[in-house]
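Me: I am new to protein models and would like to learn how to read one with care. Could you take me through the features in turn, giving the general idea before the case at hand?

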Amino acid sequence: MLTGKRLFREIMKGLIFMIVNNEYFQVLDELRKLKNVSVSELCEGIISERTYYRIINKNTILKLSIFMKLLKKLNISLVQFSNFLESKYNLGFNINQFIYLVHTQNYQNIEKYYQFAKENCTSKSMYDLMVKAYVKKYEYLQNMISKNEYISLLTQIINDFPNKSIYQIAVFCLFIESNVDVDTRLIQDVAMQILNVDFSLSLLLAIISLDTFIYTIIDKDTLSLSVKSKLIEKFLFYASFIPNKEIELKSYFYKAYLNKLNNQSIEDNLLCYLYKIFSYSDLEKYRNEKTKIEKIFNIDLIEFIKTKSQKIIK
């Protein structure tokens with residue numbers, strides 16, 4: 001929890017952004033949509049819907065007191081609003097970029113972000129603990145530490161969290177990803193936490209955590225198909241707010257899985273996703289992905305491509 005000078009600094013950062021950036025109300029409206037709150041629900045007892053839409057169109061200026069009431073209605077503090085802005089407008093670009101590159105295993109130019117994360121996220125704050133977990137994941141993937149060391153460090157980081165939070169959930173997702181012997185009850189508990197928590201103020205972390213968790217368990221029997229579907233739907237919802245090629249391609253994979261569950265054709269969505277795996281330069285990564293796809297969809301991937309290609313030619 002932020003206290004004292006840091007709390008004041010974060011609040012002032014949010015206030016300054018509101019003053020110098022005329023899009024602050026559009027950001028609030030985006031948060032409204034993320035929280036599935038209608039305009040009428042948000043405005044009730046505070047301002048008229050007509051005034052709300054007039055502000056959205058930048059035809060008027062909103063008083064800070066009214067803005068604070070709307071934030072409170074969304075159950076968002078000014079500090080949380082400021083943190084969301086920091087993420088959305090890349091004010092914390094180095095950390096976001098590091099986490100994203102580790103997740104996608106794209107190590108080109110990652111060294112400067114790794115050093116930044118390693119040197120600047122050293123406190124016991126929940127955010128810094130989460131970043132430290134990604135630092136350790138990178139070190140494990142780069143063979144700087146062993147798998148056993150990595151799992152042990154993740155366990156220690158999880159235990160260092162003072163209470164449950166989206167950051168602890170993110171570390172649990174890394175732990176489940178790395179540990180084939182993880183208890184089924186832990187997987188089910190984390191799944192319920194993910195479904196019940198509000199990730200809307202940390203979109204990138206939400207998408208990465210959901211992707212890490214879903215991709216790890218999607219071909220296992222530890223969760224019901226209903227729970228898997230709900231997790232995927234949550235991923236797709238958050239992913240729709242971030243225009244990113246990697247995220248969009250992964251969305252096709254999960255849409256194909258939902259197609260399969262609903263006895264619909266998987267072809268179009270799966271083909272869009274295959275664009276990604278056939279671009280891998282890492283042969284082992286390609287083989288692992290190919291094996292996983294064939295298991296999930298019960299197909300021979302090469303035969304699937306051949307059949308679809310013949311349909312297109314005809």
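Reply: Let us begin with burial, where a residue is called buried under 20% relative accessible area, exposed over 50% and partly exposed in between, using a 1.4 Å probe and protein chains only. In this predicted model, Phe-98 is buried, and Tyr-138 is buried as well. Residues are numbered from 1 along each chain as its sequence is written, and side-chain values use heavy atoms, leaving out hydrogens and water. Because the model is predicted, local features need pLDDT of at least 70 and side-chain atom pairs count only at pLDDT 80 or more, while totals for chains, interfaces and linings use all residues.

Me: How are the rings of Phe-98 and Tyr-138 arranged, and why does the pair get that name?

Reply: Rings of Phe, Tyr and Trp (its six-membered ring) pair if their centres lie within 6.5 Å, and planes under 30 degrees apart count as stacked, over 60 as edge-to-face and the rest as tilted. The whole structure holds 15 aromatic pairs by this search. For Phe-98 and Tyr-138 the ring centres are 6.1 Å apart and the planes meet at 75 degrees, so this pair is edge-to-face. Phe-98 belongs to helix H7 (residues 93–104) and Tyr-138 to helix H9 (residues 126–141), so the pair links distant parts of the chain, 40 residues apart. Another edge-to-face pair is Phe-253 with Tyr-254, whose centres are 5.3 Å apart and whose planes are at 65 degrees. Phe-253 is buried, with a relative accessible area of 0%, and Tyr-254 is buried with 0% too.

Me: Which residues form one aromatic cluster with Phe-253 and Tyr-254?

Reply: That cluster is made up of Tyr-215, Phe-235, Phe-253, Tyr-254, Tyr-273 and Phe-297.

Me: Which lysines lie over the face of Tyr-215?

Reply: A charge sits over a ring if NZ of Lys or CZ of Arg is within 6 Å of the ring centre and within 35 degrees of the ring normal. Lys-250 lies over the face of Tyr-215 at 4.2 Å from the ring centre, and Lys-292 lies over the face of Tyr-215 at 4.3 Å. Lys-292 is part of helix H17 (residues 283–297) and counts as buried, at 14% relative accessibility. With contact meaning heavy atoms within 4.5 Å, and not counting residues up to four places away in sequence, Lys-292 touches Tyr-215, Thr-216, Ile-218 and Asp-219.

Me: How many helices and strands does the protein chain have?

Reply: Helices (H or I, at least four residues) and strands (E, at least two) are DSSP runs, numbered from the N terminus. The protein chain comes to 18 helices and zero strands. The expected span of a helix is 1.5 Å times one less than its number of residues; helix H14 (residues 225–239), with 15 residues, should therefore span 21 Å, and its end C-alpha atoms are 21 Å apart, which agrees. The buried residues of H14 include Val-227, Leu-231, Ile-232 and Phe-235.

Me: Where is the pLDDT below 50?

Reply: The pLDDT is the predictor's confidence in each residue, from 0 to 100. Its mean over the protein chain is 85, and 85% of the residues reach 70 or more. Over residues 16–22, however, the pLDDT is below 50, although this stretch has ten contacts in the model beyond near neighbours in sequence. Where pLDDT is low, the predicted coordinates should not be read in detail.
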